[in-house]
Protein chains: 2
Amino acid sequence: MNHKWNGTLDVTERHLTMAEWNDLIDYKLEHNGSDGGAVINLHRDDTRTFDAICIGGGAGGRFGSAYLRARKGRQLVIDRWPFLGGSCPHQACVPHHLFSEAARELDLMRWFSNKLWFPDFTDKRASILELVKVFLAGRGTAHAFMNWQSKEQLDMEYILNASAFVVDEHTVEVGGERFQAKNIILGTGATTVLPDIPGTDLKGVYDFASLVEELDYEPTRCVIIGGSKVAIEYGSFFQAAGCPTTIVSRSPLMKTASLHHVDEDLRLYVVDGMRKRGMTIFEGAEPVAIQGKTRVEQVIFRDADGVEQCLPCDFVFIGTGERPNSEHYREVLGVAVGGRGEILVNKKMQTNVPNVFAIGDLIGPPMEMFKARKGGMTAARNIMGEPYEFDWQDYPDFLHSTYEVTWVGLSEAEARDRYKNIAIIQMPPKGIRNDEIPLPCAEGSMLYAFMIPELSGFQKAVVDADSRRMLGFHHVGFGAKDAFQYLDHLMRRPGGITVDEMGEMNELFLNPEHFIQLSRLRAGNESLRDL
Amino acid sequence: MNHKWNGTLDVTERHLTMAEWNDLIDYKLEHNGSDGGAVINLHRDDTRTFDAICIGGGAGGRFGSAYLRARKGRQLVIDRWPFLGGSCPHQACVPHHLFSEAARELDLMRWFSNKLWFPDFTDKRASILELVKVFLAGRGTAHAFMNWQSKEQLDMEYILNASAFVVDEHTVEVGGERFQAKNIILGTGATTVLPDIPGTDLKGVYDFASLVEELDYEPTRCVIIGGSKVAIEYGSFFQAAGCPTTIVSRSPLMKTASLHHVDEDLRLYVVDGMRKRGMTIFEGAEPVAIQGKTRVEQVIFRDADGVEQCLPCDFVFIGTGERPNSEHYREVLGVAVGGRGEILVNKKMQTNVPNVFAIGDLIGPPMEMFKARKGGMTAARNIMGEPYEFDWQDYPDFLHSTYEVTWVGLSEAEARDRYKNIAIIQMPPKGIRNDEIPLPCAEGSMLYAFMIPELSGFQKAVVDADSRRMLGFHHVGFGAKDAFQYLDHLMRRPGGITVDEMGEMNELFLNPEHFIQLSRLRAGNESLRDL
């Protein structure tokens, strides 16, 4: 083979264009195994010892590396894939968002079938396989950009398409070469846990990663085992695409341990909405077996009453959550690990082993992007001599059904447990039915508002009527997610944010959530009441 | 006539349901003229003089009234329509958002025609008339809700479906009855200015208000006179619906006096995007005449080179902006008025006439919801003895093309004028083409990202590299608008918000704008550079 991207490539002195990076990554991915040649961007004339080597160039490793560089440290990031960014653009957040956007559009197509300019969509199926192929054809662009940005804008050193072997807490071996570092940052993520039942190895059983890598037929009937975010998100997409989907979950949906602060009214709106769209949901259910001759034909489970049931299907999707890939580091480095395989770290991201940090999904839930990236930054700061602590236990959260569902702070029930005097500001207001008032609405829900008002969404703000502080925000609809990043900051800052301060902000009307103007309608009252 | 909503209705002791309100308002609107009977909600046993009477029950009057009540004041709001809320839910923001959502969905249909699950949409037209009818059939719900909420939750007094005559600064006459008040708050809005050319009275000439009230045919070729927000927003909808649309504007689009802080890169992305979608845009153009026998047949204008051109059409839409309805108050009360008819007020919303306040569109641009509502609140506070000032000159802004376009703070050019050392954080980064990297993207732009990356949007943050403060945020895409309310607050608070503080927030990834994580990638650097 004599292709220009063949073998080991040192790109240190080269400035590849986006198109070249795209092409290189495609080639390397395609020839994985037969041509494992590394992609090397290494300042060999820099004689400094690395301040840190990041094992894993996902979000955490990349952001940690960028911050180390920004603080004038020297870093090296190593990844087995030929690109930086990790699973997010390759198999996780990005395809998830693509599928969720598809779910939203398909949902609109179904409700508005034969109405307005929408075609008849009654028995129409959208191809899941085709959308997977669209994703595969396009994902390289994000990969190319991360490699380009990390080199050209962030001055990082990296070795890609290569496996890193951790020799000890200061030594990493890549392609036969040993690199020394003052610290090691571990960030190699997590992998789906398969349920411990027969049949998970049958053809037709997927998780979010194998779905994009291996799907090669059009699913026509889906069973999802598990009730994680991924189960709700991918399930909503399959159903909207016209592939009837059943979820078999132990816990009630959105009542799993990994999701906190879920308001019950919000939860009911979301789960009822999924059922309204034709999904079948079994909660309190125990999977028993996946069965089939050469490929999946049915799923057996015990329902909440203990009765064994059988669900015919040609597609099984595992949504039981992920487990950190920590085994190797436990063995080699002796890092302490928790009960679910998560590497234990303090708020500086330090493990029990001096100079060894761990970040991202490898330290357990929440397996969210903000935690990976800020974990990387936190490790970098501490390595560069700036004591810095990161508490990732409280954060804004979201998931997609065919809606965007976002929340931050306390649920109404949590707030009533902790405070004497709670005021609720919500749409529709308590006592008004969803079909009576199409609020909240804005971009994304206006068509529903005018034709199917009960589908336009739900929102709630929880206020401590004594201190007047906002305690929680909860939203089902479209277009509000971005705001919750800042609402989280405002609630978290010293003193938090009061209903009166909310009322003095400048809303962009129609805003997808109406928290500002509704706060203003109550702000003047000495004694806060519900709205 | 003996209908149950016939004649004057005193609803003070009644608690109408949403459905009853809806029905009542429908009846009153339908019988306007033949049955002008007022809807009265008045606490006649309350012997206190009114602290204020609000003339006009739009956003400003309603929020002012709510705040007065909250502060234990007594108010009366009077509106000529049978509902509170004013033009927003009846003719302005709400239909505008409905049409903009339609524009977005139709745009998706056109780009994805015959791709994925999308039908062939090549020569397809969506009915503008039908969507207007959908709006008309549904708008009563919002009206009903405002009447319900104002009475049941906000304890307001009001007289609706009745004209108010201001006798003097303490006296208002309604239906032959005189009411005394300590103060009067004027909030009766603005009306489209027709350009001073022949033919504006021809059938087929509309503005945003008459469009929803009077459209009775399907437009097939549109000319928009004017370059206001409304011109861009409605024009983008008409074009997306399949009605070829030409804009004839004096100023370059988005460079009008009423829009401030528009970043040039953002502007070009939006205007190029409109052209890319088939709109014809003449800038520096002077309208000359609208011509036709009984209805519009063509528009004559002089182009930027002074050459007269003729545009055949069956639909003319006026987008030259609005003028405050101030004439009556100038005559009766002697309130001082500016050059464009706007009532002049100070930051307490006081006019030159003691005890007379003015709010909303009546005081001139920006004719935005936040200003009307906060103006109402400001008047109420001052009336209730709490000195309070409101500066409405700086605010976050937005408009819709087929995108959501949002901005706050300084444009890059403004920032470079005022500060020595500016860093820009943008997507795509300077030097990378829109078709090379499908960023920014999230909900709403994922399908574009994977199939037509140059359509996925644009974003820019402007940073003062010396103080590290964020100076401006600019976004074209979907789903970011809501965040700008809080970004505005964060920039405006004492000390503002720095790039380092941004980098410590918890993003909800994929977030429609990527300001937090991009800030984090630069936060560690002592010397800030572009990203």
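Two rings of Phe, Tyr or Trp (for Trp, the six-membered ring) make an aromatic pair if their centres lie within 6.5 Å; planes under 30 degrees apart are called stacked, over 60 edge-to-face, and the rest tilted. By that rule, the structure holds 52 aromatic pairs over all chains. One of them joins Phe237(A) and Phe238(A), and because their ring planes stand at 45°, with centres 5.8 Å apart, the pair is tilted.

A word on what you are looking at: this is a predicted model, where local features need pLDDT of at least 70 and side-chain atom pairs count only at pLDDT 80 or more, while totals for chains, interfaces and linings use all residues. Residues are numbered from 1 along each chain as its sequence is written, chains are lettered from A and ligands numbered from 1 in the order written, and side-chain values use heavy atoms, leaving out hydrogens and water.

**Rings and cysteines in chain A**

Phe237(A) and Phe238(A) also belong to one aromatic cluster, together with Phe99(A), Tyr206(A), Tyr217(A), Tyr234(A), Phe315(A) and Phe317(A).

| Residue | Relative accessibility | Class |
|---|---|---|
| Phe237(A) | 1% | buried |
| Phe238(A) | 0% | buried |
| Cys54(A) | 1% | buried |
| Cys88(A) | 6% | buried |

What about disulfides, meaning cysteine sulfur atoms within 2.5 Å of each other? Over all chains, the structure holds zero. For Cys54(A), the closest cysteine sulfur is that of Cys88(A), 17 Å away, which is too far for a bond.

**Where chain A meets chain B**

Now to the interface. Counting heavy atoms within 4.5 Å as contact, 110 residues of chain A and 109 residues of chain B take part. About 9500 Å² is buried between the two chains, 64% of it on carbon and sulfur atoms; this is the accessible area (1.4 Å probe) that the two parts lose on being put together, summed over both.

How many salt bridges are there between chain B and chain A? The count is eight, taking a side-chain nitrogen of Lys or Arg within 4 Å of a carboxyl oxygen of Asp or Glu. Asp155(A) and Arg529(B) form a salt bridge, with their closest N and O atoms 3.5 Å apart.

Technical notes:
A disulfide is a pair of cysteine sulfur atoms within 2.5 Å. Buried means under 20% relative accessible area, exposed over 50%, partly exposed in between (1.4 Å probe, protein chains only).
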